[in-house]
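Let's take a walk through this model together, one neighbourhood at a time. Keep the viewer open as you read.

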Amino acid sequence: MKLIGSKIENELRTSLTASNLSLFNSNNEVIKKLKLVYPEMISAYILNWIPEQGEDIYFILINGSIIVQIEYNREDDECYITETFSIPEYYKGITKTSKLKLTIALELATKEMNKNAGK
């Protein structure tokens, strides 16, 4: 999907950047689980969040290369990685807006990975 600098793209970019900052600036069970399973993690962007009755389901892009589905059970304060997807696998089953969000997240992750590669 080609980016054109539209208002919706800018809004999604702002939201994704906030999700990355929120994850890395927190000490919740989601980031703890991600850091445990992916110690090489440099970037993480929340692509989708589904609040359920007793749990939250997140789809998170890790390092621009894999998407992790993680369930956070609020009752026992535990996180479980329930599934992982390659970028093409995830892309197949999502809406146009979600594809746009993924494209922007990939762009942000690539920039972040390139910036950290120089360190």
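Where does Asp-77 lie? Asp-77 is in the loop between S3 and S4. Before we go further, a word on the ground rules: this is a predicted model, in which local features need pLDDT of at least 70 and side-chain atom pairs count only at pLDDT 80 or more, while totals for chains, interfaces and linings use all residues. Residues are numbered from 1 along each chain as its sequence is written, and side-chain values use heavy atoms, with hydrogens and water left out. Helices (DSSP runs of H or I, at least four residues) and strands (DSSP runs of E, at least two) are numbered from the N terminus.

Asp-77 has a phi near 55 degrees, a positive value in a residue other than glycine. For context, most residues other than glycine have a negative phi. With a relative accessible area of 34%, Asp-77 is partly exposed; here buried means under 20% relative accessible area, exposed means over 50%, and partly exposed is in between (1.4 Å probe, protein chains only). Asp-76 is found in the loop between strand S3 (66-73) and strand S4 (78-85), and its relative accessible area of 39% makes Asp-76 partly exposed too.

Now look from Asp-77 across to Glu-29. The two are 48 residues apart along the chain, yet their C-alpha atoms are separated by 7.0 Å. Glu-29 also forms a salt bridge with Lys-32, with 3.4 Å between the closest N and O atoms. A salt bridge here is a side-chain nitrogen of Lys or Arg within 4 Å of a carboxyl oxygen of Asp or Glu. Both partners lie in helix H2 (residues 29-37), three residues apart, which is about one turn of the helix. Glu-29 is partly exposed at 23% relative accessible area, and Lys-32 is partly exposed at 38%.

How many salt bridges does this rule give? The count comes to three. In one of them, the side chains of Glu-107 and Arg-13 meet at 2.8 Å, N to O. Glu-107 lies in helix H4 (residues 96-117) and Arg-13 in helix H1 (residues 7-24), so this pair ties together parts that are 94 residues apart in sequence. Glu-107 is partly exposed, with 26% relative accessibility.

Another salt bridge joins Arg-74 to Asp-56, the closest N and O atoms being 3.0 Å apart. This pair links distant parts of the chain: Arg-74 sits in the loop between S3 and S4 and Asp-56 in strand S2 (residues 55-62), 18 residues apart. Asp-56 is buried at 8% relative accessible area, whereas Arg-74 is partly exposed at 36%.

Let's turn to the rings. The structure holds four aromatic pairs. Among them, Trp-49 and Tyr-58 are stacked, at 6.5 Å centre to centre with 15 degrees between the planes. Rings of Phe, Tyr and Trp (its six-membered ring) pair if their centres lie within 6.5 Å; planes under 30 degrees apart count as stacked, over 60 as edge-to-face and the rest as tilted. Trp-49 is partly exposed at 48%, whereas Tyr-58 counts as buried at 15%. In a further pair, Phe-59 and Tyr-90 have ring centres 5.9 Å apart and planes at 40 degrees, so the pair is tilted. Phe-59 belongs to strand S2 and Tyr-90 to helix H3 (residues 87-92), 31 residues apart. Both are buried: Phe-59 has a relative accessible area of 12%, and Tyr-90 has 9%. Ring pairs link Phe-59, Phe-85 and Tyr-90 into a cluster.
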